[in-house]
Amino acid sequence: MSLPHTTSSVYVVFSSTRALAMDPGAWDAHAQRFFRTRLRGTPEGAVHVAPEGEAEGDRVVTWRDAQAEDYALADEGERRAGGGGLAGLARRCPSIWIVERASHDDRLALRLAMILASVHLGPIVDPEGPELFGVKTARAKLDAARA
């Protein structure tokens, strides 16, 4: 199953509040406090992601209202994982953030998706699986990739 609105590789982050605009400034305080990462908006409308002691770069983030296809993707991700309840949480989220990835194993995109999931209190879907997971699993993926 893939997202109908894009052909690039992305992470989908469900948001428990309706997305109105990107707010890298507000996200930055959260990112610094909990994830040792600096975030800032770029003039091009992307988000600059700068993890402490690691390579940094820009990632494009967009948002929109969640659609039936997004919820179906979350349901499929949870079915593949054998349950867990995150699809139910996703269904209570009215909007999504879409984080574009430069590659399948783009650590900066995963880090940004993890931060957005933490700020907006929703799960993350990797449509390539599909795989549905939360902040704890995202952090474990980043730690495993670093090792």
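**Terms and values**

Author: This is a predicted model. The protein has five helices and eight strands.

Reader: What pattern does the protein follow along the sequence?

Author: The pattern is β-α-β-β-β-β-α-α-β-α-β-β-α.

Reader: How do you know that the radius of gyration agrees with a compact globule?

Author: A compact globule of 147 residues would have a radius of gyration near 15 Å, and the protein has 14 Å, so the value agrees. The C-alpha atoms fill a box of roughly 35 × 35 × 30 Å along the principal axes.

Reader: What makes a residue count as buried, and what share of the 147 residues is buried?

Author: Buried means under 20% relative accessible area. Buried residues make up 48% of the 147 residues.

Reader: Why is a set of residues called a nonpolar core?

Author: The name applies because its members are buried residues of listed types, such as Ala, Val and Leu, joined through side-chain atoms within 4.5 Å. The largest nonpolar core has 25 residues, and Tyr11, Leu39, Val99, Leu112, Leu116 and Ile124 touch the most other members. Helix H4 (107-120) is one of the elements giving two or more residues to this core; H4 gives the most, with nine residues. Apart from it lies another core of 14 residues, among them Ala66, Leu73, Ala87 and Val125.

Reader: Which residues does Ile124 touch, leaving out those up to four places away in sequence?

Author: Contact means heavy atoms within 4.5 Å. Ile124 touches residues including Tyr11, Val13, Met114, Leu132, Phe133 and Ala138.

Conventions: Residues numbered from 1 in each chain as written. Predicted model: local features only at pLDDT ≥ 70, side-chain atom pairs only at ≥ 80, totals over all residues. Heavy atoms only, no water. Helix = DSSP H or I, 4+ residues; strand = E, 2+ residues; numbered from the N terminus. Rg over C-alpha atoms; globule rule 2.2 N^0.38 Å. Buried < 20%, exposed > 50% of the residue type's maximum accessible area, 1.4 Å probe, protein only.
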